[in-house]
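Visitor: I'm new to this one. Can you show it to me, and then we'll talk about the spaces inside?

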Amino acid sequence: MRIVENLSASMRDGVGLRGDLYQPDTDERRPVILIRTPYGKQGYREDSLVRKAVERGLAVFVQDVRGRYASGGEFDPYRQDGRDGYDTVEWLATQAWSNGRIGGSGLSYPGAAQWLLAVEAPPHLTCIFPAMCFSIGRQFFYFNGAWDMSWIPWTANNIAPDVRRRRNLPGARTGTEARELWKREGRNALRHVPLDTLPLLKGVTDFYFDWLDHPDDGSFWDFANIEAKWDRVRVPAFNFSGWHDEGYGPIGATRNFTGMRAHGATELARQPRLVIGPWTHGEPTLQSTKVGDRDFGAAAGLDYDALVLDWCDWHLRGIDRGIAKAPPVRVFVMGANRWRDSRDWPLPGTAARTLFLRAGGRLSADSPAAAEASDRYTFDPNDPVEDPHYEAGLGPHDQRAIEKRADVLAFTTEPLVDDLEVIGNIEIHLWIASSAPDTDFVARVLDVDSDGPAWNLMSPTLEVIRARYRGDERDPQLMEPGKPYELVLRSSMTGNLFRKGHRIRLQVTSSFFPHVDRNPNTGRPVPHEDRLVPARQTVFHDASRPSRVILPVLNG
C-alpha cells in the first residue's frame, strides 16, 4: 500500500484542506472513496476499512475538515462541509491517480459530511454510505425541543483540545489531557447552569454557544436540514444505523431512506438502502453480538467493512458481490434475534395497536372509564431522574431501578399471551397538566422480561418532549398552569419481539439526566436560565383524556 501524506486541496475561497491518500502500489487510475473527518486523519492509519479498500484496488482519501488538525481555516461544525465536500470531490476527480468516480463513506460526523456534500450535487460524486447520522438538526442538536447534553462531552473531549492548540489557548490540548480533565470536571460541567455560561468551553468553541442561542427552530438551522434538500441529491445512499445508536441515528436513517425514495433527483438516487441492527454508535463487526446487557446472538454480528466496500464496488466499479439483488430494507428484530428483509419502510403488514394508560399502573387494550383518577408527581430539576447506566454507555440495560423514585410512573400490561412483534415508529399521547408554564415529559417503552429485567429499546433522546414545542418548534407556546394539554411523542422507534410471557411497560417521568438538559420549569429560554423550580405534574388517563401508546405491530 502506498501512502501520500498531506495532499492539499484548495477550496473555492483559497483555504487548503489536507488529506492522506491510500492507494495500491501501481499507477493505475482508480475510483476514490472520500472520508472527511474532524477527528484527525492520522487516526485512519490502521483503519481496517482503508486497508481492505486498497486490497480491493480502490484508493481512499482521508481529509481533515476545515479548521481541524492539518487543514486550514476555522472550524464551524457542519456549516462548511457541503461546499468543502463539493470542492474536494471535484478536486479528486482531476488527480492523476483518480478515474473521476468518487464515492463517500463515513460514520457519525464523517457520515453527516457525506449527506452535506451530496445535497450540493458535485458532478463526480457516484455514491455515498452515510452511517449513523441525522436527517434534520431538530432531531440532532435538540430532540423535540430538549437539548442533547452529549454535545458537552463531544465538544470538550473531541474538539476543544485542537482548538486550544491552534489558537495557543490555555487548557487541555490533547485528547488524553481532555479526557483526564473530564474525569475531574465532567459532572460539574453537565450540571452547570445556565448552559450558555459553561466555563469549560467559554472562549474556546463559539459554535456551541451559537447552537444554545437558538433553542427554537428557524432559518438558523437550515444548514443541518437534509430533509429540505433530498430533491438535490443525485446519487444512491446506503442508510445505516442501530436501534441503540445515538437518537438521531435510526430516525435519521429511516427518514433519509423514505425521503430519498420519494424525492431523489435521479432514478438511481431513488434507490437507497436501509439497514438497522441492534447496535450502539460505532462500526459493528461479526463479533458485535452483545449490546449493552443484552445478548442478541450470532445473527447480530455484521461485517461493516465488507458492506461498505461491496456498495462502493458496485457503484464505483460495476462489481456486484451480491449486493445488487439484496433487499432494500433489512432490520434486526431484538428478542427474536433475527433479521427482517423488506422492499419498503415502514414494513408492509404493520398495523397500529393501542394500549391505554390506566389507573393502578396498568397498560391495557381496554379504554379508560369516564372518571378514572389521574396520577401525580413532583418534578424537581435540582434532583432529576439520573440514568444509573450512563457510565456504561448506550444500549439495553435493566431500567427498574429508577422506578423506586416518586417522580417515575410505570404502567404495565399483563403477561402477553402471544408474541408481539413491534417494528417502526411508536406514537405516545400523554394528556398532562403542570403547575409550570413549560416542562418536560419523558415516556419510555420497555420490554419486561419474564425473569424480571425491564429492557429499554432505544436511545433516551428519542423519548422526551418539551411542552412549549407541543405544536410547532418554530412557534413555542407556554402552558397555562393547571390546564390539560395533549402531548404527542412521535420519535420513539424500535424493532423488538415482545415474547409470550413478557410484559410491555411505559415509564413516564420528566427528566432522564444527563442525556438531555433539565427543564427549569420557569418558561424562560432554557439555555439562559439559572433558576431550577419544582413542578407539580399530572398525567390523565380517563375517557375524555386517554393517554395511550400506539405500537406498529407486524401482523403474522
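Guide: The second largest cavity holds about 40 Å³ of space. A cavity here is a set of points on a 1 Å grid over the protein atoms alone where a 1.4 Å probe fits but cannot get out, and a volume is the space filled by probe spheres set on the points, which are joined across faces, edges and corners.

Visitor: Which residues line the second largest cavity?

Guide: Its lining is made up of Ala 156, Asn 157, Arg 164, Ala 172, Ala 178, Leu 181, Trp 182 and Leu 200. Helix H4 (151-167) and helix H5 (175-191) are the elements giving two or more residues to that lining. Helices are DSSP runs of H or I with at least four residues, strands are E runs of at least two, and both are numbered from the N terminus.

Visitor: Before we go on, where does the model come from?

Guide: It is a predicted model, where local features need pLDDT of at least 70, side-chain atom pairs count only at pLDDT 80 or more, and totals for chains, interfaces and linings use all residues. Residues are numbered from 1 along each chain as its sequence is written, and side-chain values use heavy atoms, with hydrogens and water left out.

Visitor: OK. What volume does the largest cavity have?

Guide: About 90 Å³. Among the residues lining the largest cavity are Met 149, His 192, Phe 513 and Arg 518.

Visitor: And pockets: how much space lies in the largest one?

Guide: About 900 Å³. Of its 42 lining residues, Ser 150, Pro 153, Glu 246, Tyr 390 and His 515 are the closest to the centre. H5 gives the most to this lining, with six residues. A pocket is an open set with protein on both sides within 12 Å along at least five of seven lines, and lining residues have an atom within 4 Å of a point.

Visitor: New topic. At what angle do H2 and H3 cross?

Guide: Roughly 80°, with the axes of helix H2 (residues 81-93) and helix H3 (residues 109-118) coming within 8 Å. The two are therefore roughly perpendicular to each other, a label for 65 to 115 degrees; under 35 is roughly parallel, over 145 roughly antiparallel and the rest oblique. Axes are lines fitted to C-alpha atoms, for helices over the stretch in contact, and angles run from 0 to 180 degrees between N-to-C directions.

Visitor: Which residues of H3 make the contact?

Guide: Tyr 109, Leu 116 and Leu 117 of H3, against Asp 81, Gly 82, Gly 85, Tyr 86 and Val 89 of H2. Contact means heavy atoms within 4.5 Å.
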